[in-house]
Amino acid sequence: MESETTQVIPKTGEEKLAKLISYLFHPLLMPTYGFAILFFTRNYLATFTSSNIKLTILGITFIFTFLLPFVNTLILLKMGRIKSLEMETINERVILYFGTALYYFALFYLFYTSGFPNIFRILILGAAISILLTAFINYKWKISAHAIGIGGVAGAALGIEYRLQLDAHLLLMLIILIAGIICYGRLKLKAHIPSQVYTGFILGFFVELLLLVFY
């Protein structure tokens, strides 16, 4: 088992920028970003989905995938179950990952029973499965949740391109560029070692891609 990495307190301008990037592209924000990308690119779902439905889906997704897990984290912090928001120990990460996965599966169930298009359910299911796998992996190894999150967005973009027959090459290239910036930031902060970042990206990428292609 690899030793734990220690996240440093940002001192230089570059480290402060890396910290800001980590906050802006937090893994819990990736589902909301993913749906926003889907709704504001040219595809038939964006064209035939009303503005009210788009806002509803974005709002519900933000609540279930970011707000509720964040509130849960604050409660655990207040109770002393975790020591900081950085989740530096294995037990802290595993507790939060399993709790977050429950919210994601609840959102999948909500989308399923509400009759939303199948592709919305697939995207959330992929995110839920990725978080669950992250929780199990973290029992033995500190894989990068940031890399899994942006890897999932990249895999979803490629899968949607295949499924909806879109030309999304430029969008995919932009996401890959952002992924590189995020992964560099995690390494700069010494939050992870390279293998944890690369493995995380690959895991998130293929979970979403395979679900979109075969589900």
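Phe35, Phe39, Phe111, Phe116 and Phe120 come together as one aromatic cluster. This is a predicted model, so to speak of local features a pLDDT of at least 70 is needed, side-chain atom pairs count only at pLDDT 80 or more, and totals for chains, interfaces and linings use all residues. Residues are numbered from 1 along each chain as its sequence is written, and side-chain values use heavy atoms, with hydrogens and water left out.

**Aromatic pairs**

A pair of aromatic rings is described by the distance of the centres and the angle of the planes. Here, rings of Phe, Tyr and Trp (its six-membered ring) pair if their centres lie within 6.5 Å; planes under 30 degrees apart are called stacked, over 60 edge-to-face, and the rest tilted. By this rule the count comes to 13 aromatic pairs. Two of them are set out here:

| Pair | Centre to centre | Angle between planes | Type |
|---|---|---|---|
| Phenylalanine 25 and tyrosine 33 | 6.2 Å | 65° | edge-to-face |
| Phenylalanine 35 and phenylalanine 120 | 5.6 Å | 85° | edge-to-face |

Phenylalanine 35 sits in helix 2 and phenylalanine 120 in helix 6, so this pair ties together parts that are 85 residues apart in sequence. (Helices are DSSP runs of H or I with at least four residues, numbered from the N terminus.) Both phenylalanine 35 and phenylalanine 120 are buried, where buried means under 20% relative accessible area, exposed over 50%, and partly exposed in between (1.4 Å probe, protein chains only). As for the other pair, phenylalanine 25 counts as partly exposed at 24% relative accessibility, and tyrosine 33 is partly exposed too, at 31%.

**A serine in helix 6**

Helix 6 (residues 118-137) also holds serine 130. With 5% relative accessibility, serine 130 counts as buried. Setting aside neighbours within four places in sequence, serine 130 is in contact (heavy atoms within 4.5 Å) with Ile148, Gly204 and Val207.

**Helix 8, side by side**

Helix 8 (residues 169-188) has 20 residues and reaches 28 Å from its first C-alpha to its last, close to the 28 Å expected at 1.5 Å a residue; that expected span is 1.5 Å times one less than the number of residues. Its buried residues are Leu172, Ile175, Ala179, Ile182, Cys183, Gly185 and Arg186. They cover an arc of only 155° around the axis, which puts them on the same side of helix 8; the arc is taken from the directions from the helix axis to the C-beta atoms.

What do the buried residues of helix 8 pack against? Their partners are helix 1 (13-24), helix 2 (30-39), helix 7 (145-164) and helix 9 (194-214). On the face turned away from the buried side, helix 8 carries the exposed residues Leu170, Met173 and Leu177. Just after helix 8, lysine 190 takes a positive phi of about 60°.

Technical notes
Helices (H or I, at least four residues) and strands (E, at least two) are DSSP runs, numbered from the N terminus.
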